[in-house]
Amino acid sequence: MKRKIKAGVVQFDVKNGNIDANMERVMENLEQLAGQGADLAVLPELFSCGFEPGHVKDCAAHTPKALDRLCDTAAQRKMAISGSLPEQEKGQVFNTHYFIDADGEIKGKYRKLHLFPLTGEDRSFAAGNRIVAIDTSLGKIGLMICYDLRFPELARQLCLQDVAMILVPAQWPRPRIEHWACLIQARAIENQLFMVCANRTGTDGDLVFPGHSMIVDPLGKVLVLLKEDQSCALGDIDFQQLDKARQRIPCMADRRGDIYG
């Protein structure tokens, strides 16, 4: 495990169903981050295609090709890449967060547990059924997606599996962007770990997405906050801060797991 890494977040206007255009934007940003020495790049939720009700299976059919391209890039640039894509299996489609390590291998995938009913996500996708913490070249990492931020139990279970950071791709709209920032900081503070979160920009019908991709440290300090017109940025993550935060305020040692699990 590296003690210090450079983590990047990517945000852009994801065009529904336009896989070629979206992937070109992804590759441009990955190349920019790689050129700046990034060890990790986190992409938005469903970055290849957006939410396409009625067409999720068509979009999912392109995911293997997108993954091959990202795996090649990760291996060539020695940079880990994560983000969510539609994944089809046995007639069902999942909103799946993939983690590709710097050797170009897919080290883990997480199927979104909490599907957002207000946009009908639960009518287009099947829900996952397991929590995912993976061992990577960057340390142990937890995976979540967007709406999952509202469920502190998930982040806490990842914390109890000793993850050093949680990665979160999202499509989080402007009317609730204050919640986005508060929840990211809360998950970081209460679990004393790093949060690396990528939100999209642009519009989808009446919904407006303002970006505000963030990297937050274990004490809740915002290390990176992208403006709406920015497409990507890097932040320095020093994993020694984990130990310092937990020694300073020993929340994990003082948990009453015997009472509340």
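These legends accompany close-up views of a predicted model. Local features need pLDDT of at least 70 and side-chain atom pairs count only at pLDDT 80 or more, while totals for chains, interfaces and linings use all residues. Residues are numbered from 1 along each chain as its sequence is written, and side-chain values use heavy atoms, with hydrogens and water left out.

**View 1. Helix α6, residues 177–191.** Helices are DSSP runs of H or I with at least four residues, strands are runs of E with at least two, and both are numbered from the N terminus. The end C-alpha atoms of α6 are 21 Å apart, in agreement with the 21 Å that its 15 residues should span at 1.5 Å a residue. The expected span is 1.5 Å times one less than the number of residues. I177, W180, L183, I184, R187, A188 and N191 are buried (under 20% relative accessible area; exposed is over 50%, partly exposed in between; 1.4 Å probe, protein chains only). Seen down the axis, the buried residues of α6 fall within an arc of 130°, so they line one face of the helix. The arc is that of the directions from the helix axis to the C-beta atoms. E178 and C182 are exposed on the face turned away from the buried side. Just after α6, Q192 takes a positive phi of about 50°.

**View 2. The open sheet of 6 strands.** The strand order is β6-β7-β8-β9-β12-β13, with mixed pairing. Two strands pair if DSSP finds at least two bridges between them. β6 (133–136) and β13 (222–225) stand at the edges with a single partner strand each, so one side of each lacks a neighbour in the sheet. From one strand to the next, the twist averages 20°. β7 (residues 139–143) and β8 (residues 165–170) run parallel, joined by 3 bridges. G142 has I166 in β8 as its bridge partner. α6 lies across β8, β9 (194–199), β12 (214–216) and β13, at about 155° to β9. Axes are lines fitted to C-alpha atoms, for helices over the stretch in contact, and angles run from 0 to 180 degrees between N-to-C directions.

**View 3. Helix α5 (residues 152–160) against α6.** The two helices pack at an angle of about 40°, with axes 10 Å apart. P152, A155, R156 and C159 of α5 meet R187, E190 and N191 of α6 (contact means heavy atoms within 4.5 Å). R187 and N191 are also among the buried residues of α6.

**View 4. Helix α3, residues 63–77.** From its first C-alpha to its last, α3 reaches 21 Å, close to the 21 Å expected. T63, A66, L67, L70, C71, T73 and A74 are buried. These residues of α3 cover an arc of only 165° around the axis, which puts them on the same side of the helix. K65, D68 and Q76 are exposed on the other side. The cover over the buried residues includes α1 (19–35), α2 (56–60), β3 (80–89), β4 and β5. K78 follows α3 with a positive phi near 55°.

**View 5. Two hairpins, β4 with β5 and β10 with β11.** β4 (residues 92–100) and β5 (residues 106–111) pair in the antiparallel sense over 5 bridges. H97 has Y110 in β5 as its bridge partner. This hairpin has 5 residues between the strands, and G104 takes a positive phi near 85°. β10 (residues 201–204) and β11 (residues 207–210) also run antiparallel, joined by 4 bridges. G202 has F209 in β11 as its bridge partner. Here 2 residues lie between the strands, and G205 takes a positive phi near 65°.
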